[in-house]
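Colleague: I am new to this structure. Please show me how to read its features, one at a time.

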Amino acid sequence: MQVEIWTDVNCPFCYLGKKRFNDALGQFEHADSVQVTHRSFELDPTVPAGTSGSVVEHLAHKYGRTLEQAADGERQLGAAAHDAGLAYVTTGRDYGNSFDMHRLLHWASTLGRQEEMLDALYLANFADEAALFGSDERLIGVAVDAGFDEAAVADVVADKARYADDVRRDEAQAEEFGVQGVPFYVFDRKYAVSGAQPVETFAQVLTQAWGDRPAAPQLLNTDGDACGPDGCAVPQ
């Protein structure tokens, strides 16, 4: 069974939802047969690359809140993250353009290490006081600290065309699905769940999606002539 998850590194609910989904998957009896792919979604693709801004100031401006109201929202998110067993820095976080991060995630996927890269980016954004956005050196350092090869990471970050089409394809698919926000989970392209749902909800959807998978075709007759791995039988 395939589960596709549209996310953005800027998104605290994606960070929280990943933990809750993984907790549900860890309890799922068919977990070994579930393939998880993380898809790209930029919350604000208009943010200029190479810049970094205060999350609290950004939220206050975007939603018409006071700085204290925005800061209180961060504290509430921190409490929810801590309840889920996640580290979360509630002051001093930054936000910025995440396109290069999505490109790195696609590159890491070719290595079979997409989950490791995403975890490293989430931790750098939500659990580390150092600014994450706006610096190629910082982005490369986060990946290297997670065990990725420095030269290879630097090559991907420097070449802005690498994996850019993959990011755009993910975003085009999200638009086709009508995705308005993330995290957004799609199970076998049949069921969808939006938001950082409770562990119990993810467990229910996993069970339902697994039960509704297409059954393997039942073979009714094995006597017909056919070709196989060893070639084709010569008619007698």
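Colleague: Which residues does L121 touch?

Modeller: Contact means heavy atoms within 4.5 Å. Leaving out residues up to four places away in sequence, L121 touches V9, M101, L105, L132, L139 and V142. This is a predicted model, where local features need pLDDT of at least 70, side-chain atom pairs count only at pLDDT 80 or more, and totals for chains, interfaces and linings use all residues. Residues are numbered from 1 along each chain as its sequence is written, and side-chain values use heavy atoms, with hydrogens and water left out.

Colleague: How many residues does the largest nonpolar core have?

Modeller: A nonpolar core is a set of buried Ala, Val, Leu, Ile, Met, Phe, Trp, Tyr and Cys residues joined through side-chain atoms within 4.5 Å. Buried means under 20% relative accessible area, exposed over 50%, partly exposed in between (1.4 Å probe, protein chains only). Here the largest core has 40 residues. L104, M117, L121 and V153 have the most contacts inside it. Helix α5 (114–126) gives the largest share, 7 residues. Helices and strands are DSSP runs numbered from the N terminus (helices H or I, at least four residues; strands E, at least two). Another core, of 17 residues, lies apart and includes F28 and F187.

Colleague: What ties R168 to E42?

Modeller: A salt bridge: a side-chain nitrogen of Lys or Arg within 4 Å of a carboxyl oxygen of Asp or Glu. For R168 and E42, the N to O distance is 3.0 Å. R168 lies in helix α8 and E42 in the loop between β2 and β3, so the pair ties together parts 126 residues apart in sequence. R168 is partly exposed, at 43%. E42 is buried, at 8%. The whole structure has 17 salt bridges. One network of them links E4, R39, D170 and R189.

Colleague: How many residues line the largest pocket?

Modeller: On a 1 Å grid over the protein atoms alone, a pocket is an open set of points where a 1.4 Å probe fits, with protein on both sides within 12 Å along at least five of seven lines; lining residues have an atom within 4 Å of a point. The largest pocket has 23 lining residues. Those nearest its centre are N10, P12, L43, L59 and Y63. Helices α1, α2 and α3 each give two or more residues to this lining.
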